[in-house]
Amino acid sequence: MKQPIFLKPFFQEKIWGGQRLKIKFGYSIPSSKTGECWAISAHAHGPATILNGQYKGQTLDELWHDHREVFGNVTGEVFPLLTKILDAREELSVQVHPDDVYAMKHEHELGKTECWYVIAADKDSEMIYGHHARTKAELAEMIEAGQWDKLLRRIPVKPGDFLYVPSGTIHAIGKGVMVLETQQSSDTTYRVYDFDRVDKKTGEKRKLHIKQSIDVTNVPHNDPKLDITTHKQGDATITNYIATDFFSVYKWELPLGKASFKRREAPYTLVSVLDGQGKIEVAGESYTLAKGQHFILPFDVKEWTIEGSLSIIASEPGAKA
């Protein structure tokens, strides 16, 4: 396939969701409590649908299983990455994700290491990112006693910030924040605390996972070291946010102009257009780009050119993906 694979997202309603996915990106969302856009997803809980080309109408997971050559014949039972946009009208639950070993043993799927690019944030927005416990015993004691203000670490965030959230990190996206999330393809979340909210659909508080949360939380919390770099490529500014065994994440910022790209070592590239409009040229063919589009550049696309005024987040699978 020498063309981009454009995708129709799958949307998830959440108790904390809102309407900004419609307002900002023009998506047709299922309700006023839409929290998640699963933009590039082959996960069974919300697969994206292919919009163009010879595989139009198939889901991404079907393409992964039936036509692995599109992805360079890489191994792996599941498509390893998942790109989401999350709209937090209210604060998310305080949660933590397991690593691959724990998740495979207990949940029979991948663990969940993720990262966030902050698309929008209300004034004075915060994230819960890490904790203050010094030992597992202290962590358990503080959770049991409900000492949330003492336990949880809050940090301010603004649009354009980038946060890396390895498995084992206690976290919560704050009220009024919208992020693009790049993560392992997993839907395993352990809730530590949910602010005693009641789900109006069930009339009950959402389930917590205290034992599992204590099992998997990294103690003590240490902020991961990031080495964020930028360079010019044609008229574009390229920001390299992170390169891990699970994924690499970049920002392609094109105020107005043109830039050419060549594939790196990864067999395919995931692309999300966060703002602007323009076009991408692949193998002599031109494709229109606009805010809110998501696509994959498959294995046979070795080089491409983008043109216009565009803000893009791109990612690639890492060595363990």
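The model is a predicted one. The chain holds 6 helices and 22 strands. Its radius of gyration is 20 Å, close to the 20 Å that the globule rule gives for 321 residues, so the chain is as compact as a globular protein of that length.

**Chain as a whole**

- The C-alpha trace spans about 65 × 40 × 40 Å along its principal axes.
- Of the 321 residues in the chain, 56% are buried.

- In soluble globular proteins, nonpolar side chains tend to be buried together.
- Beyond its neighbours within four places in sequence, leucine 21 is in contact with Phe11, Gly26, Tyr27, Ile29, Thr34, Gly35, Glu36, Cys37, Ile85, Asp87 and Met178.

**Sheet layout**

- Six strands form an open sheet in the order β2-β3-β5-β12-β7-β10, with antiparallel pairing.
- β2 and β10 stand at the edges with a single partner strand each, so one side of each has no neighbour in the sheet.
- Neighbouring strands of this sheet are turned against each other by 25° on average, direction ignored.

**Strand pairs, in sheet order**

- Strand β2 (residues 10-18) and β3 pair in the antiparallel sense over 5 bridges, and glutamine 12 stands opposite glutamate 36 in β3.
- β3 and strand β5 (residues 81-88) run antiparallel and are joined by 4 bridges.
- β5 and β12 pair in the antiparallel sense over 8 bridges, with leucine 82 opposite glutamine 183 in β12.
- β12 and β7 are joined by 7 bridges, again in the antiparallel sense, and tryptophan 116 stands opposite glutamate 181 in β12.
- β7 and β10 pair in the antiparallel sense over 4 bridges; in β10, tyrosine 164 is the bridge partner of cysteine 115.

**Burial of the strands**

- In strand β3 (residues 34-40), 7 of the 7 residues are buried, so this strand is largely enclosed by the rest of the structure.
- In strand β12 (residues 177-184), 8 of the 8 residues are buried, so this strand too is largely enclosed by the rest of the structure.
- In a regular strand the side chains alternate between the two faces of the sheet.
- In strand β10 (residues 162-165), Phe162 and Tyr164 point one way and Leu163 and Val165 the other way, and all are buried.

**Serine 41**

- Serine 41 lies in the loop between β3 and β4 (49-50).
- The relative accessible area of serine 41 is 0%, under the 20% cut-off, so this residue counts as buried.
- Serine 41 touches Gly46, Pro47, Ala48, Leu60 and Leu82, leaving out residues up to four places away in sequence.
- Serine 41 and phenylalanine 79 are 38 residues apart along the chain, and their C-alpha atoms are separated by 8.1 Å.

Note on methods. Residues numbered from 1 in each chain as written. Predicted model: local features only at pLDDT ≥ 70, side-chain atom pairs only at ≥ 80, totals over all residues. Heavy atoms only, no water. Contact = heavy atoms within 4.5 Å. Buried < 20%, exposed > 50% of the residue type's maximum accessible area, 1.4 Å probe, protein only. Helix = DSSP H or I, 4+ residues; strand = E, 2+ residues; numbered from the N terminus. Pairing = 2+ DSSP bridges. Rg over C-alpha atoms; globule rule 2.2 N^0.38 Å. Axes fitted to C-alpha atoms, helices over the stretch in contact; angles between N-to-C directions.
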